[in-house]
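Here is a report on the strands, rings and cores of one protein model. Please look at the structure first, then read on.

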Amino acid sequence: MIREIRGTISSVDPLGAVINVSGWGVYVHLPSSELLTEGSEVHLKTFLSLKQDGVDLYGFFAEEELSFFELLLTVPNVGPKTALSIMRKGPRVALESAIASRDIDYLTRVAGLGKKAAEKIAVELSEKLGGHG
């Protein structure tokens, strides 16, 4: 399991970046690439996803982001792309708070989830994030 990556940013796009690690150009999917600059050094926490059709690497700037991503993956039918999509919609702290308090309105309005998906995530994760219910 690749748990972190450190290297020079070769290129950046809205969904991720290519990180040069000892001559290897590794594409990393990111919740946000706005703070990255080509040519600069970066150190990311990572999650490696092995699928039938390939391998994807997801990167995060902080351990808390990675932990939230992995928590989202514990919900049935939430895969890495869905989890990352949710994280791109709002600040992690606000998303965690909305899930913990089962704020379905926030999750549907801001995170762009359907009502059933928002309810499922809230029910599955609210207690793990400090909610009661």
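## Strand pairing around S4

Glu4 has Lys45 in S4 as its bridge partner. Strand S1 covers residues 4–13, and five bridges join S1 to S4 in an antiparallel arrangement. Strands pair here if DSSP finds at least two bridges between them. Strands (E, at least two residues) and helices (H or I, at least four) are DSSP runs, numbered from the N terminus.

S4 also pairs with S5 (residues 54–60): seven bridges join these strands, again antiparallel. Leu50 has its bridge partner, Val55, in S5. Two residues lie between S4 and S5, and the strands form a hairpin.

## Basis of the model

The model is predicted: local features need pLDDT of at least 70, side-chain atom pairs count only at pLDDT 80 or more, and totals for chains, interfaces and linings use all residues. Residues are numbered from 1 along each chain as its sequence is written, and side-chain values use heavy atoms, with hydrogens and water left out.

## Ser49 in S4

Is Ser49 buried or exposed? Ser49 is in strand S4. Its relative accessible area is 8%, so Ser49 is buried. The cut-offs are under 20% relative accessible area for buried, over 50% for exposed, and in between for partly exposed (1.4 Å probe, protein chains only).

Contact means heavy atoms within 4.5 Å. Not counting residues up to four places away in sequence, Ser49 touches Gly54, Val55, Asp56, Tyr58 and Pro80.

## Aromatic pairs

How many aromatic pairs does the structure hold? There are three. Rings of Phe, Tyr and Trp (its six-membered ring) pair if their centres lie within 6.5 Å; planes under 30 degrees apart count as stacked, over 60 as edge-to-face and the rest as tilted.

Phe47 counts as buried because its relative accessibility is 15%. Phe69 counts as buried at 0% relative accessibility. Ring pairs link Phe47, Tyr58, Phe60 and Phe69 into a cluster.

## Two nonpolar cores

A nonpolar core is a set of buried Ala, Val, Leu, Ile, Met, Phe, Trp, Tyr and Cys residues joined through side-chain atoms within 4.5 Å. The largest core has 26 residues, and Phe60, Phe69, Leu72, Leu107 and Ile121 touch the most other members. The elements that give two or more residues to this core are S5, H1, H2 (80–88), H3, H4 and H5 (115–125). H1 gives the most, with five residues. A second, separate core has 11 residues, including Leu36, Val42, Leu44 and Leu57.

Which residues does Ile121 touch, not counting those up to four places away in sequence? They are Leu72, Val75, Val78, Ile86, Ile99, Leu113 and Ser126.

The buried residues of H3 are Leu95, Glu96, Ala98, Ile99 and Ala100. Among the elements that cover these buried residues are H1, H2, H4 and H5. An α-helix has 3.6 residues a turn, so residues three or four places apart point the same way.

Arg102 follows H3. Arg102 lies in the loop between H3 (92–100) and H4 (104–109). Its phi is near 55°, a positive value in a residue other than glycine. Arg102 has a relative accessible area of 28%, so it is partly exposed.

Ser22 is not a glycine either, yet its phi is positive, about 50°. Ser22 sits in the loop between S2 (16–21) and S3. Its relative accessible area is 72%, so Ser22 is exposed.

Gly25 is in S3 (residues 24–29). Gly25 is exposed because its relative accessible area is 59%. Leaving aside neighbours within four places in sequence, Gly25 is in contact with Val18 and Ile19. Gly25 and Ser40 are 15 residues apart in sequence and 14 Å apart in space, C-alpha to C-alpha.
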